Amino acid sequence: MKKILLSAMAFIAISFSLSAQTLNKLSPKEKQDGYKLLFDGKNTNGWHVYLGADAGAWHAEHGALVLDTSAKEQGDLVTDKEYTNFELKIDWKISTGGNSGIIFGIHEDPTYHYTYLTGMEMQVLDDKLAEDNKQPNHLAGSLYDMIAPSHPAKPAGEWNSVIIRKLNGHLTLWLNGEKIVETQMGSPEWKALVQKSKFHNWAAFATYPKGRISLQDHGAEVEFRNIRIKQL
């Protein structure tokens, strides 16, 4: 029994060690599957503030993309590249009472002053203390204002891992290993969801098949890491 216990403890220690070593790095399987890193843990290369020239108030710190809420040039951070069909993996951690999001399908154009006028959002939220926690379809992991998540997120201060998959308009969202949202853009269900949402009279919402991916600046301290993507 003692040997088994020691072996188990050694395995856990090795697992944690490997996890630490692979922070912001692709696993051999991810490399084989065609994933690419969007953040190396050291700089903001490949990102810029929406309608801006650089990363603004965002910076790399302790292996995470961090929003400095006191810095100038606030704004949503967006990828330099655009994506149509993809699978995005990302970890996030929100501050107490905080609100943020992962927005995708964004058409960057001065005509649209904000990312969410064209892009859809997977909510990032402190479900317990954030002001925007009154509706189920506003909670962490939701397809914001459209579909509530089927499983809750971990609380503020803890890391959550998500996957956003978009293939020919079919959206699937995972949170901490659980599939929490699934829908088909353009379907009768989708049209009904949009019609019932705050986006019902936003002419450009979710209409661009190709677009940028954004980390939202909602005025709260938030961190993102392990950001990788596979084009489908």
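The model is a predicted one, in which local features need pLDDT of at least 70 and side-chain atom pairs count only at pLDDT 80 or more, while totals for chains, interfaces and linings use all residues. Residues are numbered from 1 along each chain as its sequence is written, and side-chain values use heavy atoms, with hydrogens and water left out.

R212 meets E108 in a salt bridge (a side-chain nitrogen of Lys or Arg within 4 Å of a carboxyl oxygen of Asp or Glu), with an N to O distance of 2.6 Å. This pair links distant parts of the chain, 104 residues apart: E108 sits in the loop between β7 (99-106) and β8 (120-125), and R212 in strand β12 (residues 212-215). Strands (E, at least two residues) and helices (H or I, at least four) are DSSP runs numbered from the N terminus.

In total, the structure holds seven salt bridges. Another joins D91 and R225, whose closest N and O atoms are 3.7 Å apart. Here too the partners come from distant parts of the chain, D91 from strand β6 (residues 86-94) and R225 from strand β13 (residues 222-231), 134 residues apart.

Within helix α2 (residues 28-33), K29 and D33 are four residues apart and so separated by about one helical turn. Their side chains meet in a salt bridge of 2.7 Å, N to O. D33 is partly exposed, with 31% relative accessibility.

How values were computed. Buried means under 20% relative accessible area, exposed over 50%, partly exposed in between (1.4 Å probe, protein chains only).
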